[in-house]
Amino acid sequence: MNFTNERNFARWFIIISSLLIVALILWNTSIFFERLKQDERDKMELWTAAQAFLDKATGDTDIDLTLRILNTNTTIPTIWINEKGEIVDGLNIPIETRGNQKKLDEYFSELKSENEPIEMVLGKNQVHKIYYGNSPLLTKIKYYPIGLLLIIFLFIGVVYFFYTTTKSSEQNKLWAGMAKETAHQIGTPLSSLIGWTEILKEENVNKSYISEIEKDIERLRTITDRFSKIGSTPILSETDIVIAIKESYNYLFTRSSRLINFKLSTPHSPIYVNLNESLFSWTIENLVRNAIDAMKGKGNLDIQIKQDPHWVYIYIKDSGKGIPKSKYYTIFNPGFTTKKRGWGLGLSLSKRIVEEYHNGKIKVYESELNKGSTFQIALRKIQ
């Protein structure tokens with residue numbers, strides 16, 4: 001059993017054990033409640049018998065014990081109904097019901113639903129009924145399981161939040177560490193390539209060859225710069241988003257298949273936002289490459305910029321296979337991918353770059369299966 005399996009076993013053992021303990025507590029609480037409820041009914045039956053005995057008592061009858069029994073009921077609310085259905089007396093009932101027939105009737109209706117009445121025969125076979133409710137202690141015990149369940153749910157919620165937060169933090173540290181290590185590993189051969197390029201220049205090699213090599217070196221520098229920024233707080237500067245999108249568009253247009261019909265629609269005036277161009281261009285590239293993959297290398301891809309008084313919106317629309325609504329949010333989770341050879345990091349990194357580094361928003365704006373999808377990026381404008 002590896003470490004992950006051991007940790008999963010421990011987690012499930014704790015969860016199942018907690019549920020068993022809660023079930024045991026609730027079961028014992030239920031038994032205690034029923035016993036206490038029966039004890040109260042026995043007490044009320046004894047109280048009713050004492051009341052009937054007192055009604056039949058004469059001047060020579062010893063009623064000391066009877067009075068002591070009647071005086072023991074100091075908590076159980078009781079209403080005495082005669083054979084005509086009229087209220088004869090009330091004991092331990094709310095003060096506000098006394099002298100107020102409407103409130104007394106309402107309280108009596110509630111009381112009748114709590115327990116079965118106890119019959120009491122008085123005088124010449126006059127059948128009276130004693131209605132009684134639950135004592136304050138029994139009422140508290142009745143709601144105890146609800147309170148316990150709320151505490152348990154709250155505890156589970158806190159544990160779940162802690163677990164997901166810890167897991168997310170671990171994932172972020174892992175991706176950041178991998179990104180920085182990748183940047184470090186690329187840096188060594190990149191420095192070597194720059195040195196070899198200078199040697200080639202001195203050897204009078206065809207300049208067009210060297211020019212292409214320098215373009216690839218510059219591209220590697222950009223990639224290294226991007227990876228080195230993951231996990232750190234990037235520097236944002238006031239940037240015209242229109243120009244930034246055009247530069248990303250031009251780069252992608254020249255390096256994509258001619259089977260992709262690109263279209264770019266932008267405002268004629270500049271729109272300024274706080275931006276880290278290196279990271280943001282990475283987001284645009286990720287979204288465009290995902291769109292091209294969704295279209296299987298052939299289709300229409302539109303990039304459009306719109307704005308309102310406070311926000312600028314970038315829309316990337318493709319004519320690919322579309323995204324089911326059930327996956328609108330899960331596609332941004334680390335590791336989620338529909339590609340056989342994908343790592344599932346592109347959209348996750350894009351979400352982090354937009355939302356954590358630029359305080360913006362990214363989402364699936366709309367999608368229809370077999371017709372295409374539209375992603376929306378929202379960035380706050382500089383006023």
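A residue is called buried when its relative accessible area is under 20%, exposed when over 50%, and partly exposed in between (1.4 Å probe, protein chains only).

The model is predicted: local features need pLDDT of at least 70 and side-chain atom pairs count only at pLDDT 80 or more, while totals for chains, interfaces and linings use all residues. Residues are numbered from 1 along each chain as its sequence is written, and side-chain values use heavy atoms, with hydrogens and water left out.

1. Aromatic pairs. Rings of Phe, Tyr and Trp (its six-membered ring) pair if their centres lie within 6.5 Å; planes under 30 degrees apart count as stacked, over 60 as edge-to-face and the rest as tilted. By this rule there are seven aromatic pairs. Phe108 and Tyr131 form one that is edge-to-face, with 5.1 Å centre to centre and 90° between the planes. Because Phe108 belongs to helix α3 (residues 101–112) and Tyr131 to strand β4 (residues 126–132), the pair ties together parts that are 23 residues apart in sequence. Helices (H or I, at least four residues) and strands (E, at least two) are DSSP runs, numbered from the N terminus. Both Phe108 and Tyr131 are buried.

2. Tyr249 and Phe253 are stacked, at 5.9 Å centre to centre and 20° between the planes. They are four residues apart in helix α6 (residues 241–254), so about one helical turn separates them. An α-helix has 3.6 residues a turn, so residues three or four places apart point the same way. Tyr249 is buried at 13% relative accessible area, whereas Phe253, at 32%, is partly exposed. Ring pairs link Tyr249, Phe253 and Phe262 into a cluster.

3. Charges over rings. A charge sits over a ring if NZ of Lys or CZ of Arg is within 6 Å of the ring centre and within 35 degrees of the ring normal. The charged end of Lys351 sits over the ring of Phe332, 5.3 Å from its centre. Lys361 lies over the face of Trp311, 4.9 Å from the ring centre.

4. Helix α7. The 18 residues of helix α7 (residues 277–294) should span 26 Å at 1.5 Å a residue, and the end C-alpha atoms are 26 Å apart, which agrees. The expected span is 1.5 Å times one less than the number of residues. Of the 18 residues in α7, 14 are buried. Just after α7, Lys296 takes a positive phi of about 55°.
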